[in-house]
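Please read them alongside the model.

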Amino acid sequence: MENKKILVLGGAGYIGAHVVSELLKKQYKVLVYDNMSTGQKENLFDKAEFINADILDVSALEKAMDGVDAVIFFAGKKAVGESMLNPELYARNNLVGAVNVLNTMCAKGIKNIIFSSSAAVYGIPQYVPVDEKHPLNPINFYGFTKLETERLLEWYDKLKGIKYAALRYFNAAGYDPDGRVKGREQNPQNLLPIIAEVADGKRKCLQVFGTDYDTPDGTCLRDYIHVNDLATAHVLALEALLDGHDSMTLNLGTGKGVSVKEIVAAAEKFLGRKLPVEYAPRRPGDPAILYAKADRAKQVLGWQPKFVNVDEVVSSFLKKH
Ligand SMILES: NC(=O)c1ccc[n+]([C@@H]2O[C@H](COP(=O)([O-])OP(=O)(O)OC[C@H]3O[C@@H](n4cnc5c(N)ncnc54)[C@H](O)[C@@H]3O)[C@@H](O)[C@H]2O)c1
């Protein structure tokens with residue numbers, strides 16, 4: 001696979017940069033394409049080419065896709081709350097963007113794509129663990145854009161022979177323990193980066209939404225999948241597609257629910273001090289329990305998450321590099 005060239009759309013972002021790092025380790029040629037809206041300079045690698053451009057710019061996409069063997073598609077907006085306030089932005093960026101990517105792949109004869117989907121396609125879980133056959137019923141516009149992109153992928157497979165891996169991430173967490181990825185997320189919306197900001201004194205306190213859920217400690221349970229495990233899964237999915245494997249839709253999670261309080265306790269243990277926490281009422285739309293059944297990824301890709309210990313995930317996130 002050494003000579004294969006991979007175009008990584010959104011490769012300067014949090015998950016994208018971890019995948020680029022893994023691709024470089026495996027000797028792929030990598031072209032990162034990112035408009036740097038949330039991507040970071042520190043996440044760019046000397047060994048990867050870089051184009052600063054938008055997926056809404058079709059002529060830039062056409063140029064970037066010259067000589068490319070496969071596309072990995074991270075570029076997108078991902079803030080659930082923002083998607084409900086500004087659906088136009090999410091429709092344009094995530095949906096028009098996806099159409100541009102697929103149409104340009106057709107024009108350039110590129111047949112393989114890996115797409116960052118999300119557990120948000122399921123909506124409120126009707127049962128846990130959530131497997132890939134769970135009904136698809138997103139409750140926010142962000143999740144809708146992910147589901148519609150999956151549907152586009154299915155049609156472009158049927159009609160144009162594009163083979164895809166739609167990877168439904170649960171809660172991406174952690175940082176590369178070897179410190180290869182340096183950039184920190186700006187204006188984070190997720191628990192761990194918010195804890196990091198509280199630990200650094202950039203935020204006054206951590207708000208925990210809901211302590212009266214029907215869970216062992218009353219706080220929500222989520223499935224925190226380490227970003228290095230996500231990176232490994234992407235490379236395995238890429239290799240499967242390049243080897244002629246059929247399209248696939250896979251959950252990527254650990255299969256274990258971890259509570260907000262457990263994450264806070266792990267952070268406090270790592271930091272050796274208490275964090276300021278404020279307990280707030282439940283937020284509408286937050287399910288009590290959400291975790292994956294990830295057996296299909298194990299069967300199809302032979303993938304197994306390595307970071308299953310909460311302390312490891314949390315410390316890799318909070319460790320200063
Ligand atoms: N982080 C999670 O827990 C999670 C969970 C499920 C799915 N996802 C999906 O995974 C993908 C990557 O997420 P992330 O956490 O790394 O987010 P991120 O914001 O760090 O990365 C997204 C990258 O895409 C770039 N980008 C955005 N719009 C673009 C455009 N129009 N043209 C070119 N580049 C553009 C950004 O600059 C950024 O570098 C997203 O599609 C997200 O929806 C993330």
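**Notes on the domain interface**

1. Domain 1 and domain 2 bury about 2,400 Å² between them, with 72% of that area on carbon and sulfur atoms. Buried area here is the accessible area (1.4 Å probe) that two parts lose on being put together, summed over both. Tyr-224, His-226 and Asp-229 provide 28% of what domain 1 buries against domain 2, more than any other three residues.

2. This is a predicted model, in which local features need pLDDT of at least 70 and side-chain atom pairs count only at pLDDT 80 or more, while totals for chains, interfaces and linings use all residues. Residues are numbered from 1 along each chain as its sequence is written, and side-chain values use heavy atoms, leaving out hydrogens and water.

3. Domain 1 covers 5-173 + 224-252 and domain 2 covers 191-222 + 255-318; the bounds come from an automatic or database domain assignment. Their C-alpha centres are 24 Å apart.

4. In contact terms (heavy atoms within 4.5 Å), 30 residues of domain 1 touch 25 residues of domain 2.

5. One salt bridge is counted between the domains, the term meaning a side-chain nitrogen of Lys or Arg within 4 Å of a carboxyl oxygen of Asp or Glu. The side chains of Glu-132 and Arg-296 form a salt bridge at 3.9 Å, N to O.

6. On the side of domain 1 that touches domain 2, helix 7 gives the largest share, seven residues. Helices (H or I, at least four residues) are DSSP runs, numbered from the N terminus.

Key: Helices (H or I, at least four residues) and strands (E, at least two) are DSSP runs, numbered from the N terminus.
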